[in-house]
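Please look through the following structure slowly, with the sequence beside it. The briefing below goes through a few of its parts, topic by topic.

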Amino acid sequence: MPQFFLNKRLILLLVSIIVLVALIGFSLRDRENVSLPEQFISDIVGFGQNLVSKPAGAVAGFIQNVEDLQNTYIENKKLKARLDELASLDAKVNDLQKDNKDLRETLDIKDNLRDYNPTQATVIARNPVQWEELLQIDKGLSSGVKPNMAVITAKGFIGKIKSSKQFTSTVQLLSSNDPKNRISVKVQGEKGEKNVFGLIEGYDAKKKMLILKRLPYDVDIKKGRNVVTSGMGGLFTEGIPIGKIEKLVPDQYGLTQMAYVKPSADLYDVEHVMVIDRTIAKSDAFDLTTEKEGE
């Protein structure tokens, strides 16, 4: 009896498999009309797939968007850091190019100052409150730098040594408002014309020009004439470029004239300077303005 039921179950299982295979084969055939049971089952399966696939797709899309945002944030952070590095590098390149240009010009000036025993120095400090008054350089008494020596850049005269310590010195600029800071200068005349002498006695901060006073009232000085040290003050050698005449005006009482002089050197941005020993003199050896005009 048990053997009979066992064989019966086996027979039913085989029949079921045969029917299932037949149904599958029948459903896979290309047919225009689908039976109602097949339609019902297909609709139920499709509905279930929609219920599952849409939320699953939304969750998957959300996760992908979060990953994309995270990757974008990381890449953006890296790009910003790279941009900061590039900006820093660009600033360093500009500084190096400027230093290279200044040093080349200073070396050219040094070649022209062999008879003057020049001392090359670098600006190490400058007080913002006294920006147009003083600056500090890295050479002092140990390098032979002493008070009242002339200080120049590659462009021309900027001031004098006010005080010296063992390893540093303080430079008083031409733009200083110190009434005692007077420089004896001459306005170079053209061929056949006489030089005109006067004193640099101030600085107009608004115009950014030096004030040249005590010029004779009856002389006609044209714009663009070169102004150089005269060598008559006893402190500075003759011929150091100061600037060019920009404008000539009568003084307060009309007895003399005064002129605004545009400095040859940049008094605002100074990094490398030369200190010239005033005790060595050589006439017209430093007339750089004439040399440049002849180039």
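Contact here means that heavy atoms lie within 4.5 Å. This is a predicted model, in which local features need pLDDT of at least 70 and side-chain atom pairs count only at pLDDT 80 or more, while totals for chains, interfaces and linings use all residues. Residues are numbered from 1 along each chain as its sequence is written, and side-chain values use heavy atoms, with hydrogens and water left out.

**A serine in a loop**

- Ser-176 sits in the loop that lies between β5 (169–173) and β6 (183–187), where strands are DSSP runs of E with at least two residues, numbered from the N terminus.
- When its neighbours within four places in sequence are left aside, Ser-176 is in contact with Glu-132, Glu-133 and Asn-181.
- Ser-176 has a relative accessible area of 3% and is therefore buried, a word that stands for under 20% relative accessible area, with a 1.4 Å probe and protein chains only.

**The barrel**

- A closed barrel of 6 strands runs in the order β1-β2-β5-β4-β3-β12, with antiparallel pairing, and two strands count as paired if DSSP finds at least two bridges between them.

**The enclosed strand β6**

- Strand β6 is largely enclosed by the rest of the structure, because 5 of its 5 residues are buried.
- Both faces of β6 are covered, with Ile-183, Val-185 and Val-187 buried on one side and Ser-184 and Lys-186 buried on the other.
- β6 is joined by 5 bridges to strand β7 (residues 196–204), which runs antiparallel to it, and β6 also pairs in the antiparallel sense with strand β9 (residues 226–229) over 3 bridges.
- Lys-186 has Phe-197 as its bridge partner in β7, and Lys-186 stands opposite Val-228 in β9.

**The nonpolar cores**

- A nonpolar core is a set of buried Ala, Val, Leu, Ile, Met, Phe, Trp, Tyr and Cys residues joined through side-chain atoms within 4.5 Å.
- The largest such core has 39 residues, and those with the most contacts inside it are Ile-137, Phe-157 and Leu-212.
- Strand β12 (residues 272–276) gives the most to this core, with 4 residues.
- A second, separate core of 5 residues includes Met-209, Ile-211, Met-258 and Tyr-260.
- Leaving aside neighbours within four places in sequence, Leu-212 is in contact with several residues, among them Val-185, Val-187, Leu-199 and Met-258.

Terms used: Buried < 20%, exposed > 50% of the residue type's maximum accessible area, 1.4 Å probe, protein only.
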